[in-house]
Amino acid sequence: MGKNGEKAGSSLAETFKKVIGVLAALAVAGFKDFAGQAAEAAQQAQVVQTSFESTFGESSKDVENWSGNFANAIHRNETEVKSFLVSNK
């Protein structure tokens, strides 16, 4: 293999290590961003649910069933439909 071959092999190994390090850092940053967005979405869903129950009171179960069916029929998220209903009651 010779000295040139050994240098090339070592250089290639170092490059791979750097690339793997960068990819790992990007993966961690992406996961943190995803986790933050997921937590925010869960919090928003809880706020919508609380507002929904407060707005519709005792009839909230019936309206919730209707909103679930409607959301499925129009291919939308049920929380989105509930939010719309609360804001337009």
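Analyst: A patch consists of residues with over 30% relative accessible area and no salt bridge, like charges being joined within 9 Å and nonpolar side chains (Val, Leu, Ile, Met, Phe, Trp, Tyr) within 5 Å. Areas are computed by the Shrake-Rupley method with a 1.4 Å probe, and for residues only the protein chains shown count as cover. The model is a predicted one: local features need pLDDT of at least 70, side-chain atom pairs count only at pLDDT 80 or more, and totals for chains, interfaces and linings use all residues. Residues are numbered from 1 along each chain as its sequence is written, and side-chain values use heavy atoms, with hydrogens and water left out.

User: Which residues form a nonpolar patch on the surface?

Analyst: Val-19, Val-22, Leu-23 and Leu-26 do, and together they have about 370 Å² of accessible area. Val-19 belongs to helix 1 (residues 2-56). Its relative accessible area is 41%, which is over the 30% that a patch requires.

User: Why is Val-19 called partly exposed?

Analyst: Buried means under 20% relative accessible area, exposed over 50%, and partly exposed in between, with a 1.4 Å probe and protein chains only. The value of 41% therefore makes Val-19 partly exposed.

User: What secondary structure does the protein chain have?

Analyst: The chain has three helices and zero strands, in the order α-α-α from the N terminus. Of the 89 residues, 15% count as buried. The chain exposes about 7,000 Å², and carbon and sulfur atoms supply 59% of that area.

User: How do you know that the span of helix 2 is close to the one expected?

Analyst: Helix 2 (residues 60-73) has 14 residues and reaches 19 Å from its first C-alpha to its last. Just after helix 2, His-75 takes a positive phi of about 55°.

User: What puts the buried residues on the same side of helix 2?

Analyst: The buried residues of helix 2 are Ser-60, Val-63, Glu-64, Ser-67, Gly-68 and Ala-71. They cover an arc of only 140° around the axis, so they lie on the same side of helix 2; the arc is that of the directions from the helix axis to the C-beta atoms. On the other side, Asp-62, Asn-65, Asn-69, Asn-72 and Ala-73 are exposed.

User: Why does Ser-60 count as buried?

Analyst: Ser-60 has 9% relative accessibility, and it therefore counts as buried. Leaving aside neighbours within four places in sequence, Ser-60 is in contact (heavy atoms within 4.5 Å) with Phe-52 and Glu-53.

User: What does Leu-85 touch?

Analyst: Leu-85, in helix 3 (residues 78-87), touches Phe-52, Phe-56, Val-63, Trp-66 and Ser-67, not counting residues up to four places away in sequence. Leu-85 and Ser-67 are 18 residues apart in sequence, with 8.4 Å from C-alpha to C-alpha. Leu-85 counts as buried because its relative accessibility is 18%.

User: What makes the meeting of Glu-64 and Lys-82 a salt bridge?

Analyst: A salt bridge is a side-chain nitrogen of Lys or Arg within 4 Å of a carboxyl oxygen of Asp or Glu. The side chains of Glu-64 and Lys-82 meet at 2.7 Å, N to O. This pair links distant parts of the chain, with Glu-64 in helix 2 and Lys-82 in helix 3, 18 residues apart. Both residues count as buried: Glu-64 has 17% relative accessibility, and Lys-82 has 5%.

User: Where do Glu-64 and Lys-61 lie?

Analyst: Both lie in helix 2, three residues apart, about one turn of the helix. Lys-61 is exposed because its relative accessible area is 57%.

User: How many salt bridges does the structure hold?

Analyst: The structure holds five. Lys-61, Glu-64, Glu-78 and Lys-82 are linked in a network of salt bridges. Arg-76 and Glu-80 also meet in a salt bridge, at 2.8 Å, N to O. Arg-76 is partly exposed at 45% relative accessible area, and Glu-80 is partly exposed at 39%.

Definitions and conventions. Helix = DSSP H or I, 4+ residues; strand = E, 2+ residues; numbered from the N terminus. Expected span 1.5 Å × (residues − 1).
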